Amino acid sequence: MKSETIAIHAGNLYRSSTNDVTQPLNLSTTFLRDADGGYSGGHMYSRVSNPNRSALENILAELEKGAEACAFSSGNTAGMSLFQALKPGSHIIAPDDMYWGFKKQLQSIFADTLEIDFIDLTDVAGISSYIKENTVLIWIETPSNPLLKITDVAAIAKIAKANRLVLACDSTFASPCLQNPIALGADIVMHSSTKYIGGHSDVLGGVLITAAKNELWDKIRNIQQVGGAVPSPFDCFLLIRSIKTLAYRMRGHCDNGMALALYLEKHPKIDAVYYPGLPAHPQYEIAKAQMSGFGGMLSVLVKGGADEARAVVNKVKLFAQATSLGGVESLIEHRASVEGPDTKTPQNLIRISVGLEHIDDLIADIDQALN
């Protein structure tokens, strides 16, 4: 089935006694045991599994062409569960431009247990020089946050397989409708389902999807079920509802993202536009080969410094000045001030999540803010 069909039908796993067309919300935290002590209903306790969470995991695994998915209460928890599953002393290769929350995680929570090198993963030829005897994982993020770097998933997958390493990909900026890293050779895909998967800025969540069930995946599943950082049934219900329109929402995000990028690329008060759909992007050909669309995320460098950039985000009227991305409403923010004093993000960078408003209105709003 195509992604549009999977999105609508793969979440309807269970038939209730009232024959609902859409799977109902199941709030039960515990489930009846059979006379022999078993659980013929398929569930024992909601921390371990729940009908709504199982449906969500099924639909996300199918969309990402994976074997199985684990849903978590946030994107940060999803990534952290993979890092927790690694043996102490393991070495990780990670991108130099990555979501600051994960970078902070690795540098603080895992600083005493894992060894990490942050490198430019667009330089595929240079990756092998960082591989050590204790290297176990290459973590990639494509497109990256906030510089929209594109990583060649297939090329790095070959390096990972040749060295028996796990390749995990944060594909949050792309969504399952624009990019399938497992099909390109990745072992695990991660999403913050708060973003495009949820799509309405009203539910928090994260997910890992595996290409194959193996020992590492068993550890991740154990961390999910025993640790218990899982989404509520209502969160899962909302995410399944949102996924039904994901493919169509992504088309609008892509169209608006491209139109705004093209407009800003020519604006005299913009120094640079980072958007993988622009032919001037250094990894444009890779993005074109591994993505079916370029998404609704872009970053721009405003002429000047932090003051000039913050003046723009303070003057917009339609764009909401807020952290996050992937919702139907457009968001804008001065990214360096979010990431804190240790940030490597340029002080004149503005990150934009282009929503589904009419593009003429969005361009008019940005234009008045810049001028």
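Is leucine 114 buried or exposed, and what is its relative accessible area? In this predicted model, leucine 114 is buried, with a relative accessible area of 7%. The residue is located in the loop between H4 and strand E3 (115-119). Apart from its neighbours within four places in sequence, leucine 114 makes contact with Phe83, Leu86, Lys87, Ser90 and Ile92. Isoleucine 270 lies 156 residues away from leucine 114 along the chain, and the C-alpha atoms of these two residues are separated by 40 Å.

Charged side chains were examined next. Side chains of opposite charge can pair when their charged atoms come close. In the model, the count comes to 15 salt bridges. One of them joins arginine 53 to glutamate 57, with the closest N and O atoms 3.7 Å apart. Both residues belong to helix H2 (residues 51-63), and because they are four residues apart there, about one helical turn separates arginine 53 from glutamate 57. Arginine 53 is buried, its relative accessible area being 2%, and glutamate 57 is likewise buried, at 9%. This pair is part of a network of salt bridges in which Arg53, Glu57, Glu68, Lys213 and Arg221 are linked.

Another salt bridge brings together the side chains of lysine 149 and aspartate 96, at 3.2 Å from N to O. Lysine 149 is situated in the loop between strand E4 (135-141) and helix H5 (153-162), and aspartate 96 in the loop between strand E2 (91-95) and helix H4 (100-108), so the pair ties together parts that are 53 residues apart in sequence. Lysine 149 counts as partly exposed, with 21% relative accessibility. Aspartate 96 is also partly exposed, with a relative accessible area of 32%.

A further salt bridge is formed by the side chains of aspartate 271 and lysine 303, at 2.7 Å from N to O. Distant parts of the chain are linked by this pair, the two residues being 32 residues apart: aspartate 271 is in strand E8 (residues 270-274), and lysine 303 is in the loop between strand E9 (297-302) and helix H10 (306-315). Aspartate 271 is partly exposed, with a relative accessible area of 47%, and lysine 303 counts as partly exposed at 41% relative accessibility.

One lysine carries an annotation. At Lys195, an unreviewed UniProt entry places the feature "modified residue: N6-(pyridoxal phosphate)lysine". In the model, lysine 195 is found in the loop between strand E6 (188-191) and strand E7 (206-210). Its relative accessibility is 16%, and lysine 195 therefore counts as buried. The side chain of lysine 195 is joined to that of serine 192 by a polar contact of 2.9 Å. Beyond its neighbours within four places in sequence, lysine 195 is in contact with Thr172, Ser324, Leu325 and Gly326.

Strand E12 provides an example of a covered strand. Strand E12 spans residues 349-353, and five of its five residues are buried. In a regular strand the side chains alternate between the two faces of the sheet. Both faces of E12 are covered, with Leu349, Arg351 and Ser353 buried on one side and Ile350 and Ile352 buried on the other. E12 pairs with E9 in the antiparallel sense over five bridges. Within E12, serine 353 is the bridge partner of methionine 297. E12 also pairs with strand E11 (residues 331-334), again in the antiparallel sense, over four bridges. Here, isoleucine 352 of E12 is the bridge partner of isoleucine 332.

Technical notes:
Residues numbered from 1 in each chain as written. Predicted model: local features only at pLDDT ≥ 70, side-chain atom pairs only at ≥ 80, totals over all residues. Heavy atoms only, no water. Salt bridge = Lys/Arg side-chain N within 4 Å of Asp/Glu carboxyl O. Buried < 20%, exposed > 50% of the residue type's maximum accessible area, 1.4 Å probe, protein only. UniProt positions renumbered as here; feature names shortened; annotations may be inferred. Contact = heavy atoms within 4.5 Å. Polar contact = N/O pair within 3.5 Å; in protein donor to acceptor, adjacent residues only side chain to side chain. Pairing = 2+ DSSP bridges.
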